[in-house]
Amino acid sequence: MTRRSYQMRQRANAQDATRERIVRATMLLHDEQGVAATSFADIAKSAGVGAATVHRHFPNLGALVSACGAHVWEEMKPPVPGQAIALFEGLTTRQERLERLVEELDRFYRRGALRLERASADRPHIAELDGFLRAVEAGVADLIREAFALESLPEPALQLVQALTDFPVWLSMQRVEIAETARKHLLVHLLGSAVEAARQIDPA
């Protein structure tokens, strides 16, 4: 490697390190005060760089949110379409599959609760947050469809299950003062009852 190549590699590594520092600082600020409320000046101060440096790496809010979103996705590990089949392998009854569904969603929502809450609050104002949450919702929907893959459910029934397992509903249920196992059991029972009720609904 020539001296010039070595210097260029060092410069590139330094730029990558700066970019990562900006992203990490941004994620912490988003956790603390929300996405829309965080300014580039706040980020520059937290990352220990100039505002111009932040803009050089991320020319607009969308680019910065997308970069943070990639990190958040890896940390949250949301359900991904096409990966749900393995989660229900060997489970042959609705009860078993509903219990697995509730357990998997509970684990995911616990991992991502703060970020999901922050993203949901600013979703109407930032297109990249809306795209992130749409991807999350697609994974949840696939998980739900796989949970009922052994049955022939009408679309309204599946939509009802998705509504009842949405993150805001999960968040509200955390305020119910009962034991965690009882809360999960209640949701399993609720989903089973809702599906049976939805079967009786005339789609017209």
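1. Let's start with salt bridges. A salt bridge here is a side-chain nitrogen of Lys or Arg within 4 Å of a carboxyl oxygen of Asp or Glu, and by this rule the count comes to 18. Keep in mind that this is a predicted model, where local features need pLDDT of at least 70, side-chain atom pairs count only at pLDDT 80 or more, and totals for chains, interfaces and linings use all residues. Residues are numbered from 1 along each chain as its sequence is written, and side-chain values use heavy atoms, with hydrogens and water left out.

2. Look up Asp 31 and Arg 115: they form a salt bridge, with 2.7 Å between the closest N and O atoms. Asp 31 sits in helix 1 (residues 3-33) and Arg 115 in helix 5, so the pair ties together parts that are 84 residues apart in sequence. Helices, by the way, are DSSP runs (H or I, at least four residues), as are strands (E, at least two), and both are numbered from the N terminus. Asp 31 has a relative accessibility of 16%, so it counts as buried. The cut-offs are under 20% relative accessible area for buried, over 50% for exposed, and partly exposed in between (1.4 Å probe, protein chains only).

3. Now go to Arg 110, which has two partners worth a look. One of them is Asp 106, in a salt bridge of 3.0 Å from N to O. Asp 106 and Arg 110 are both in helix 5, four residues apart, which is about one turn of the helix. Asp 106 is buried at 6% relative accessibility, whereas Arg 110 is partly exposed, with a relative accessible area of 41%.

4. What does the side chain of Glu 180 meet in a salt bridge? The partner is again Arg 110, at 2.8 Å from N to O. Glu 180 belongs to helix 9 and Arg 110 to helix 5, so this pair ties together parts that are 70 residues apart in sequence. Glu 180 counts as partly exposed, at 27% relative accessibility. If you zoom out, a network of salt bridges links Glu 103, Glu 104, Asp 106, Arg 107, Arg 110, Glu 180, Arg 183 and Lys 184.

5. Next, the aromatic rings. Rings of Phe, Tyr and Trp (its six-membered ring) pair if their centres lie within 6.5 Å; planes under 30 degrees apart count as stacked, over 60 as edge-to-face and the rest as tilted. By this rule the count comes to five aromatic pairs. Phe 167 and Trp 170 make a stacked one, 5.9 Å centre to centre with 20° between the planes. Both residues lie in helix 8, three residues apart, about one turn of the helix, and both are buried.

6. Helix 5 (residues 94-122) has another residue to check, Gln 95. Its side chain makes a polar contact of 2.9 Å with that of Glu 99. A polar contact means a pair of N or O atoms within 3.5 Å; within protein, one must be able to donate a hydrogen and the other to accept it, and residues adjacent in sequence count only if both atoms are side-chain atoms. Gln 95 is partly exposed, at 40% relative accessibility. The C-alpha atoms of Gln 95 and Val 188 are 7.6 Å apart, although 93 residues separate the two along the chain.

7. On the surface, Val 176, Ile 178 and Leu 186 form a nonpolar patch with about 220 Å² of accessible area together. Patches use residues with over 30% relative accessible area and no salt bridge, joining like charges within 9 Å and nonpolar side chains (Val, Leu, Ile, Met, Phe, Trp, Tyr) within 5 Å. Accessible areas come from the Shrake-Rupley method with a 1.4 Å probe; for residues, only the protein chains shown count as cover. Ile 178 lies in the loop between helix 8 (167-173) and helix 9 (180-199), and is partly exposed at 34% relative accessible area.

8. You'll find Lys 77 in the loop between helix 4 (61-76) and helix 5, and it is exposed, with a relative accessible area of 55%.

9. Finally, the record. In an unreviewed entry, UniProt places the feature "domain: HTH tetR-type" at residues 16-76. UniProt positions are given in the numbering used here, feature names are shortened, and annotations may be inferred rather than shown by experiment. Over residues 16-76 the chain is 80% helix and 0% strand, with the end C-alpha atoms 23 Å apart.
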